[in-house]
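Please open the structure in your viewer and keep the sequence panel beside it. The stops below say what to select next and what is found there.

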Amino acid sequence: MWVYALIIMASRMLIFVHHPSDVLGGAVVGVIGALMVRRWFAARRLGFSPADLQPYPLPSWSRLKATAREIVRGRAA
C-alpha cells in the first residue's frame, strides 16, 4: 500500500495537479484519520485489543465453520 500511495503522490505532483504541500497535508490528515479510526474500533473491541491497540488474531476456519453450523441449525429448528 505504501508503494501505491507513493506512486499516486508522485503522479499528482508530476502532472501539476497538486503542490507538494497539498500532498503532504493530505498524507498527514490520512494518517491521523486512520489512527483515530483504529482507536475507535479498539474502544469497541472491533478487531483491535483496547489495551495495546494490537489486532486480534484471525479466527480459525474450524471456529468459523462451527459458528456457521450453529446458525444454520438454529434457523432450521
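Helices (H or I, at least four residues) and strands (E, at least two) are DSSP runs, numbered from the N terminus. With that rule, colour the chain by secondary structure: the pattern along the sequence reads α-α-α, with three helices and zero strands. The model is predicted, so local features need pLDDT of at least 70 and side-chain atom pairs count only at pLDDT 80 or more, while totals for chains, interfaces and linings use all residues. Residues are numbered from 1 along each chain as its sequence is written, and side-chain values use heavy atoms, with hydrogens and water left out.

**The whole chain**

Display the C-alpha trace, which spans about 65 × 30 × 20 Å along its principal axes. The radius of gyration, taken over C-alpha atoms, can be compared with the globule rule of 2.2 Å times the number of residues to the power 0.38. The chain has 21 Å, whereas a compact globule of 77 residues would have a value near 11 Å.

Next, show the surface. Accessible areas come from the Shrake-Rupley method with a 1.4 Å probe, and for residues only the protein chains shown count as cover. The accessible surface of the chain is about 6,900 Å², and 71% of this belongs to carbon and sulfur atoms. A residue is buried under 20% relative accessible area, exposed over 50%, and partly exposed in between (1.4 Å probe, protein chains only). Of the 77 residues, 5% count as buried.

Select helix 1, which has 13 residues. The expected span of a helix is 1.5 Å times one less than its number of residues. From its first C-alpha to its last, helix 1 reaches 18 Å, close to the 18 Å expected.

Move on to Phe16, in the loop between helix 1 and helix 2. Is this residue, Phe16, buried or exposed? Phe16 is exposed, because its relative accessible area is 75%. Its phi is positive, near 60°. Most residues other than glycine have a negative phi.

**Helix 2**

Now select helix 2. Its 24 residues should span 34 Å at 1.5 Å a residue, and its end C-alpha atoms are 35 Å apart, which agrees. Within helix 2, pick Gly33. Gly33 counts as partly exposed, because its relative accessibility is 30%. Draw a distance from Gly33 to Pro50: the two are 17 residues apart in sequence and 18 Å apart in space, C-alpha to C-alpha.

Val37 is also in helix 2. At 47% relative accessibility, Val37 is partly exposed. Its C-alpha atom is separated by 13 Å from that of Pro55, 18 residues apart along the chain. Just after helix 2, select Arg45, which takes a positive phi of about 55°.

**The largest pocket**

On a 1 Å grid over the protein atoms alone, a cavity is a set of points where a 1.4 Å probe fits but cannot get out, and a pocket is an open set with protein on both sides within 12 Å along at least five of seven lines; lining residues have an atom within 4 Å of a point. Select Trp2, Ala5, Leu6, Ile8, Met9, Val23, Gly26, Ala27, Gly30 and Val31, which line the largest pocket. Helix 1 (2-14) and helix 2 (20-43) are the elements that give two or more residues to this lining.

**Helix 3**

Finish at Arg73, in helix 3 (residues 61-76). Arg73 counts as exposed, because its relative accessibility is 58%.
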